[in-house]
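User: Could you walk me through this model before I look any further?

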Amino acid sequence: MNFLLDLYPWTKVVHVLSVIAWMAGLFYLPRLFVYHAEQVAIGGETDRLFQTMEYKLLRLIMNPAMLTTWIFGLALVATPGIVDWGSLWPYTKIFGVLGMTWFHHWLGLRRKEFAAGQNRFDGRRYRIMNEVPTLLLIVIVASVIVKF
Ligand code: HEM
């Protein structure tokens, strides 16, 4: 895995770029759900517009960004000398990324419900869920920067 040492800064560049794209979607999609749930009548033109925006955000931005975040994150894990498994931070980071991945799939399930005209949650619920990626982001960034 020594070739990964030469690539290390560039692996991290692609990892962080992917993270930014993924996070943009993880913050924005629940906001779309808030307005979709509160302001939009089922079956109308605006409903179809929101469904298209949600579909494209998830499929074209968030799914690929999650995939490349994972691929390049795991490449960083495989790079010699980067992760000290005797420290606490790798475990808090794993907790954060598994939580973020769970949240991504939770949003994907809610998108399918909107697409079927069967949304079950009100805007307040989506507002509350919007805080989940914020909290996980704090845990993850503190883990990789402070490295406690
Ligand atoms: C999906 C699985 C992920 C894995 C396996 C992973 C793994 C890693 C590893 C091993 C590093 C290298 C740390 C170093 O160079 O010292 C790193 C850096 C980083 N990760 Fe991740 N990561 C993942 C997801 C995420 C997520 C979801 C975020 C943010 C929401 C994130 C944010 C960062 C940042 C900002 C850095 C750069 C820290 C620095 O060195 O300045 N990562 N990641």
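Analyst: The notes below go through the fold, a helix, the core and the ligand shell.

Analyst: This is a predicted model, in which local features need pLDDT of at least 70 and side-chain atom pairs count only at pLDDT 80 or more, whereas totals for chains, interfaces and linings use all residues. Residues are numbered from 1 along each chain as its sequence is written.

User: OK, how many helices and strands are there in the protein?

Analyst: There are five helices and zero strands, where helices (H or I, at least four residues) and strands (E, at least two) are DSSP runs numbered from the N terminus. The C-alpha trace spans about 55 × 25 × 15 Å along its principal axes.

User: And what share of the residues is buried?

Analyst: Buried residues make up 22% of the 148 residues; a residue is buried if 20 or more other C-beta atoms lie within 10 Å of its own, exposed if 12 or fewer, and partly exposed in between, with C-beta atoms placed from the backbone.

User: Switching to α3, which residues are buried there?

Analyst: In α3, the buried residues are Lys-93, Gly-96, Met-100, Leu-107, Arg-110, Arg-111 and Phe-114, and what covers them includes α1 (3-39), α2 (45-78) and α5 (131-146). Just after α3, Gly-117 takes a positive phi of about 70°.

User: What about the largest nonpolar core, which residues have the most contacts inside it?

Analyst: That core has 16 residues, and those with the most contacts inside it are Trp-22, Leu-29, Phe-33 and Met-62; a nonpolar core is a set of buried Ala, Val, Leu, Ile, Met, Phe, Trp, Tyr and Cys residues joined through C-beta atoms within 7 Å. α1 gives the most to this core, with seven residues.

User: What does Leu-29 touch?

Analyst: Not counting residues up to four places away in sequence, Leu-29 touches Glu-54, Leu-57, Leu-58, Met-62 and Leu-107, where contact requires C-beta atoms, placed from the backbone, within 7 Å.

User: Now the ligand: how many residues surround it?

Analyst: The ligand is surrounded by 20 residues, the closest being Val-19, Gly-73, Leu-76, Val-97 and Val-144, where near means a C-beta atom, placed from the backbone, within 6 Å. The elements that give two or more residues to this shell are α1, α2, α3 and α5, and α2 gives the most, with six residues.

Notes:
Two residues are in contact if their C-beta atoms, placed from the backbone, lie within 7 Å.
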